[in-house]
Amino acid sequence: MIQNFRHTPMNLSLIGFMGSGKSTIASRLADNLGFDFVDTDALIEKTALKSINEIFNDEGEGVFRKLESQVLEDLVGREGLVIATGGGIVTNKRNIQSLRELGIVFWLDADVDSILERVSRNNERPLLQTKDPRKTIVNLLSQRSALYNQCCDERIPTDDLSVEEISFGIAESARLWFSKMS
Ligand code: S3P
């Protein structure tokens, strides 16, 4: 059960499906707000000394998910971060709790076509190395959309917006959230 009461430190997390632009936008936001940029996937790779693909191939998704929860939990207690997360982070309730403890959460919502277009640019996503990536995206989205919605403070529809527009909108909104808290 997610707590209603929140002590909200000054961090901002981006959640959303693979290819929704979390890392690109988080990095810009960090520059804009003068915060530090962290990416849970990059932290996992640093901890495991392997790429995400290698972790999935050698050790399986279960090990990846444990590392994901661990690196996220290790961030709790820090301030001044913009955190880009992996698309599956919300599938673990403990992670939702950690994200909410960390601060404000924005959901970058994107439709199937924009996701497919973005993820087709490389083969870095082990979960999408399937015969029918569109079908996989539709299935995963149907399992996850409610979780993104449950976890976030604000949903940002991204399909018709540029990276600059999205970053600007979130930065303005985050300033408002932070001013209400202080
Ligand atoms: C995953 C998303 C990936 C990465 C891993 C699993 C997922 O991150 O964490 O491949 O389950 O959706 P991105 O959302 O940054 O692609």
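This is a predicted model: local features need pLDDT of at least 70, side-chain atom pairs count only at pLDDT 80 or more; totals for chains, interfaces and linings use all residues.

Biologist: What does L141 touch, not counting residues up to four places away in sequence?

Modeller: With those neighbours set aside, L141 touches F17, V112 and I115. L141 and V112 are 29 residues apart in sequence, yet 8.4 Å apart in space, C-alpha to C-alpha. L141 itself lies in helix α7, residues 133-151.

Biologist: Why is L141 called buried?

Modeller: Buried means under 20% relative accessible area, exposed means over 50%, and partly exposed is in between (1.4 Å probe, protein chains only). L141 has 12%, so it counts as buried.

Biologist: And T158, is it buried or exposed?

Modeller: T158 has a relative accessible area of 1%, so it is buried. It lies in the loop between β5 (154-157) and α8. Leaving out residues up to four places away in sequence, T158 touches L108, D109, A110 and I166.

Biologist: What makes L49 exposed?

Modeller: Its relative accessible area is 75%, so L49 is exposed. L49 lies in the loop between α2 (40-48) and α3 (52-59).

Biologist: What is the phi of L49?

Modeller: It is positive, about 55 degrees, although L49 is not a glycine. Most residues other than glycine have a negative phi.

Biologist: How do you know what counts as a helix or a strand?

Modeller: They are DSSP runs numbered from the N terminus: helices are H or I with at least four residues, strands are E with at least two. On that basis the protein chain has 8 helices and 5 strands, in the order β-α-β-α-α-α-β-α-β-α-α-β-α along the sequence.

Biologist: Why are α1 and α8 called oblique?

Modeller: Helix α1 (residues 22-33) and helix α8 (residues 163-181) pack at about 50 degrees, with axes 9 Å apart. Axes are lines fitted to C-alpha atoms, for helices over the stretch in contact, and angles run from 0 to 180 degrees between N-to-C directions. Under 35 degrees is roughly parallel, over 145 roughly antiparallel, 65 to 115 roughly perpendicular, and the rest oblique. That makes α1 oblique to α8. On the α1 side the contact residues include I25 and L29, and on the α8 side I166 and I170.

Biologist: What about α3 and α4, how do they cross?

Modeller: The axes of α3 and helix α4 (residues 61-75) come within 7 Å and cross at roughly 130 degrees, and the two helices are therefore oblique to each other. I52, I55, F56 and E59 of α3 meet E61, V63, F64 and L67 of α4.

Biologist: How do you know the chain agrees with a compact globule?

Modeller: The radius of gyration is taken over C-alpha atoms, and the globule rule is 2.2 Å times the number of residues to the power 0.38. For 182 residues a compact globule would come near 16 Å, and the protein chain has 16 Å, so the two agree. Buried residues make up 47% of the 182.

Conventions: Residues are numbered from 1 along each chain as its sequence is written. Side-chain values use heavy atoms; hydrogens and water are left out. Contact means heavy atoms within 4.5 Å.
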